[in-house]
Amino acid sequence: KTFYWVSHGGPADPVWTYFLAGAKQWASDTGNTVNTSFHNGDVASQQEAVRAAIAAKADGIVTTSPDPGSLIEIAKEANVAKIPIINFNTPDPKASFNAYVGGNNVVFGRNWAQYLVDKGLVKKGDHVWMPVEIPGATYGVQEEEGIKSVFEPLGITYEVTEATLDQAEVINRMVDYLTTNRQKINAIIGLGDLVTGSIKRVFDQVGVKPGEIPVVGWGNSLDTTQEVLNGYVNAAQWQDPQATSYVALSLANMAASGIPPGFNVITGALYEKDTAQVYDNILSGK
Amino acid sequence: MEHRSLIQRLVAKPEFGPFVLLVVEVAVFWSINPDFLSPLNISNTLAFTVELGLIALAMTLLMTSGEFDLSVGSLFGFSPVLMWTLFNAGVVSLPLAFVVALIVAAIIGYVNGWFVTRLKIPSFLVTLGMLLVVRGTALFVTDGFPQRTWKADGNWLATILVGDFYVGPFRIYASLFWFIAAVIILGYLLTKTRTGNWIQAAGGNPGAARARGVQVDRVKVGLFMLSSTMAALAGIISSIRTSAANPNSGTGYELEVIAMVVIGGTALTGGRGTIIGTVLGILILRIMRNGIVLIGVPGLAYNIFIGAIILGMMALHSWLERRHQAGT
Amino acid sequence: MEHRSLIQRLVAKPEFGPFVLLVVEVAVFWSINPDFLSPLNISNTLAFTVELGLIALAMTLLMTSGEFDLSVGSLFGFSPVLMWTLFNAGVVSLPLAFVVALIVAAIIGYVNGWFVTRLKIPSFLVTLGMLLVVRGTALFVTDGFPQRTWKADGNWLATILVGDFYVGPFRIYASLFWFIAAVIILGYLLTKTRTGNWIQAAGGNPGAARARGVQVDRVKVGLFMLSSTMAALAGIISSIRTSAANPNSGTGYELEVIAMVVIGGTALTGGRGTIIGTVLGILILRIMRNGIVLIGVPGLAYNIFIGAIILGMMALHSWLERRHQAGT
Amino acid sequence: MVEPLIKMEKIRKSYGRVTALDGVDFQVNHNEIVGLLGDNGAGKSTLIKVLSGAVPLTSGAIHVRGKKVDFHSTSDAIAAGIETIYQDSALVTQLSIARNLFLGREPIKGPRFLNRMDQDEMNRVARDLLKQVGISKNIPPTTPIGSLSGGERQAVAIARAMYFDSDLIILDEPTNNLGVAETQGVLSFVRNARDSGHSCIFIAHNIHHVFQVVDRIVVMRRGKVVADNIDPKTTSVAAVEDVITGMSELTGGAHAH
Amino acid sequence: MVEPLIKMEKIRKSYGRVTALDGVDFQVNHNEIVGLLGDNGAGKSTLIKVLSGAVPLTSGAIHVRGKKVDFHSTSDAIAAGIETIYQDSALVTQLSIARNLFLGREPIKGPRFLNRMDQDEMNRVARDLLKQVGISKNIPPTTPIGSLSGGERQAVAIARAMYFDSDLIILDEPTNNLGVAETQGVLSFVRNARDSGHSCIFIAHNIHHVFQVVDRIVVMRRGKVVADNIDPKTTSVAAVEDVITGMSELTGGAHAH
Ligand SMILES: Nc1ncnc2c1ncn2[C@@H]1O[C@H](COP(=O)(O)OP(=O)(O)OP(=O)(O)O)[C@@H](O)[C@H]1O
Ligand SMILES: Nc1ncnc2c1ncn2[C@@H]1O[C@H](COP(=O)(O)OP(=O)(O)OP(=O)(O)O)[C@@H](O)[C@H]1O
Ligand SMILES: [Mg+2]
Ligand SMILES: [Mg+2]
């Protein structure tokens, strides 16, 4: 059978590497064909790709939602064509997907903020720095929404800054920002994997000791698991990227065989130093 | 003058190279996956093609006049955001918001043109700076949040711009007609009118054109405004069709659009441009992207293929050109 | 000949405009935030500046010869990935992997040059195609995974390339010396040597240069190879310094590098280039990025400021140029 | 006394530190062909560039029909009836002969708002004009300038001035690249122009050509006018050559002002 | 019999459907100045472009000193001792006079691997040469070509050929933009060249200039050689003009081959 795996992510984004690895694993485990494509948040291009999959009479489609509401019509078209279409990574409840597999970015954001508040790391009047690779990309925006819902009532301020998807530039911009605002920053939330994974290098360059500024954020990369183990990052969000892809494709396969999936699969866990080794092992393929 | 057969005359046209490329491309994809020519896929490909195409058409004229515009992608993202922000805020009606967005785009084009013609700064730098400013503004005003767009359904403006209907098994969007209209009008403008002659002269030898009293600067400013406005229109059409208005959309379109224009045969250095060629260039590049997904090239290898095909097509193109110019 | 004072002669130099811009820029940032000139900040800024700078220097020569290279950013990402993949796979030693990566980069440059000079395809398209192929290959071979780099610590190659040490409170990376060496060698090459004369002639009037027996094509191919190799070197240096070899690093550098070169005073159309100007251009753009964050511009407004300052500086630049050329 | 068509007073023009024109007085009367001679770099082209609005003057004044004018661009000069054929015959190589001929003043066919060029008319006129300037070969008017020979290009530039009859036609070395037949075409064009009431400024290094057509000769040297009222009918070629090279300071008759 | 320096046989060259050269036979002997005349578009520039390797020929053969050659580029021709000054004097406007003069053959100072141009030497030679071609104004050799007058540029191109004495120097309308003094400079340069054992091909529309220097005149018309052995000493200017315009079919003495 032929499945189309269509992502709004960028092939450049480390976390998508793991999502893709899950899809490949599934393809080799089951012997089915999985055609993959990345669309860098370009809605029009992603819609076109999903429609191309429908035109190609795919056995199943798994796709992410680049923007809430943007795939409503396409999901309908897939339904009409009787092609199972599974949503993963970013939910869009308004669209008629057969099922959703993944976490919820708004919830993740709320959890990070709540973590900082609950552990007493930030209080009223504090300022939180939230670097993100691409401001305006859905994941960051949804996370911000969750964070806002916690911080705003408590009078905690925050600022989102752009870090880009380029490793050297990420470090550079974060170093610049931290150098200037070191006094002002009470905590950091890394809204993406690349920024969270760069914390150690940034701290080292600016001369901030691990733990001096509390950090939470994404944790789907080896860089971050190491940072958690070494005390640079207090807590990191695990999204089960490989598993998400794998399960989404399984559901699509199942639906293609006539068994409708009547449930969503919610993934994700916030880990600290004590459990970080588990994820470090997963990521390094141990 | 010698008489030549119809075929010989067709072969001698500069658009012949891109045309051959297009035919070869379609044939290859079709032979690999026959669904490639299914009505559904054709309709699907056309929808987005015409949106990018609108920008490429305006860019053709601008490049013929010897300038280019890197800010189109950012306007593609910014204009719908502006329109929906105004509308969602309840400030104005949708058609008014639409007009305001286009006017703002035209003003941005004017500023581009002003910098290029008055301050004599290369358009590369001006529009690169403008790209950053416009993209930045889109992000800043929305705080990065996408705008809601679904209230558009049923609005007459939305219907006029992107309403869809079926012609047999083909789903046609109204934007296709806008594209065809633009092809006809701009093609006419470039080849048949006095303004078209000025555009070509402005790109070919601005000094000479100026010496003949051609208002080179005015022509260029006008084309910058056209290109911004078309990018805005394309962005708005796309945002209504895809129900998404994200400040980041349109990223990287500038290079794709320029590539379309150049593949079609318009000179990168100005002075020579062809709208028909651009239409072929648009189809070549968009069909390539669609075909690659359809025949199942792995996601990570996508760029390798696009790049290799651009290089291969250019090589073929240059070979055809030389064969046809050698004339020995 | 008339005699002029030293000052007058300095003012007449084409590098005077960028120089004034740089001084103004530093003064403004410094007056807003005195930390701007703190040793820590200067050291930080310099580290990345010289990496991009290496590419800009090579690009200066290439642009003087009338071509440009959009594939440098992709090589910046690809070469370290290649080097670390070879090394981590245990196939070769680090220095050998380094040499292999540079050779592969040179070959890619050769292919660029071949397409441009033999097939007469505009360098814009060739290198855009190559960008996609190289970036795609980097992604494809690594499956998108970043390569481990931390085994570099202590390797003599790493020390030579980016070893750091303190001079007073300043943390200096060895790459600074590589940059200074490149400035001297390429500056000498461009202004004092016969090859430099050929580079300028190739960009100014390739027909004339060819008529004089100058091997224009060979010069251009050589410069494409130089630019690819320098981009690879810069990428490897950067990857060792930041301990990251990510297949997509370097995205967008091409435009930034070209902007640096042009702001420095090299003509976008070829024929006129200045290494000193490029050094100023590099500093202007990098310091701007650093300073904007430092003076506390809101995060999302970053791009607006960068764009606006590019436009503003260009306006100032053009004003200075005209004042100095008017000569009335 | 009738106002002269053109009167330029105390014109100075410097490029940076180079002084190309150093206080030039120059005038053209109605219905007169003035020959402008001078060695390379004497400032002839610069003078007519100033007069045609192509370069701004550093100081001085220009009067057209007694009115002081201020040319900011070539269009201003064209509007004032001054047509120029530049030495480097400024043509657009990518465009066809016909399109170059009419550049900036293309005839319109049909409703004005359609802005449609009358290409048939343009081709027809172009074909005629090419014959008039002595191009005997049958070159289609749709040929791009890029594939013409040096002289053919010059001929196109001349043809352009012939068609748009302005009050003053300036020809900067128009016969340089021209063959025997083509040169005769240009010279007779200049004569016709005068006969139909136009004035001309004629620059050429071939003094024989100048002597064949002009009414009055002005000589420049190093940015200055050194003789401005030489009558070609009463002066020998050799004498003028001496003035040009600076061997004699013949000043012709009385200065005209 | 001594082999001629250059012998071109049955040369044909078409640009697309335009036949610029239609079976041309042409030769230049050692130590000879050949004048090449013909109306605009006759094919003169094309012929010498073929000879200098700038454009490939469609068919025919070129022999240099009796050996068949195959020029793929101008460097091949330069290596064979053929130096050309193009009609559109191919100079790089951004570069200085001195750098243009030596372009492609810059003198090297110091160790070879340093590849260092000897700029002082270049400037010194340039200054001398400018004087020799009759530029009296004191133009520094570091001036960029872009700020020279039309004639000054031509003079630089001439100066270049004077310095690198090749076996055959081709001058395509070298005197076109030149003033009286500069023209004399060029003509005497051509004479000197012959006296020192070189050959020249001299193309010009000013027949008077041609008559002053050449040993033999060849006339082309519409891509064909119509007369190739006219002796300027025994023929009148008017007679040659008639051949050029096609009014008479004077063929001079016997054909040289
Ligand atoms: N753009 C420029 N920048 C600097 N100097 C210039 C420029 N244009 C002309 N000049 C200088 O001005 C002087 C006059 O030049 P101009 O072109 O007027 O001479 P001309 O009399 O037309 O000579 P020719 O007969 O050679 O065409 C020359 O010395 C020339 O070098
Ligand atoms: N690149 C080209 N493409 C097409 N036709 C050309 C090209 N170059 C020259 N021709 C044609 O070839 C013919 C001969 O041109 P050529 O330049 O040799 O003439 P010429 O004798 O040098 O004339 P002139 O005295 O005007 O310089 C002309 O009819 C011209 O139109
Ligand atoms: Mg002149
Ligand atoms: Mg010629």
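Colleague: How far apart are the mean positions of the positive and negative charges of chain A?

Modeller: Lys and Arg count as positive and Asp and Glu as negative, with His and the chain ends not counted; each charge is placed at NZ of Lys, CZ of Arg, CG of Asp or CD of Glu. In chain A, the 20 positive and 30 negative charges have mean positions 3 Å apart. This is a predicted model, in which local features need pLDDT of at least 70 and side-chain atom pairs count only at pLDDT 80 or more, while totals for chains, interfaces and linings use all residues. Side-chain values use heavy atoms, without hydrogens and water.

Colleague: Which helices and strands does one count, and how many are there in chain A?

Modeller: Helices are DSSP runs of H or I with at least four residues, and strands are runs of E with at least two. Chain A has eleven helices and twelve strands. Its radius of gyration, 19 Å, is close to the 19 Å given by the globule rule for 286 residues, so chain A is as compact as a globular protein of that length. The radius is taken over C-alpha atoms, and the rule is 2.2 Å times the number of residues to the power 0.38.

Colleague: What share of the residues of chain A is buried?

Modeller: Buried means under 20% relative accessible area, with a 1.4 Å probe and protein chains only. In chain A, 65% of the 286 residues count as buried.

Colleague: Which pair of chains shares the most contacts?

Modeller: A contact means heavy atoms within 4.5 Å. Eight pairs of chains are in contact, and chains B and C share the most contacts. Chain A does not touch chain D, the nearest C-alpha atoms being 36 Å apart.

Note on methods: Residues numbered from 1 in each chain as written. Chains lettered and ligands numbered in written order. Buried < 20%, exposed > 50% of the residue type's maximum accessible area, 1.4 Å probe, protein only.
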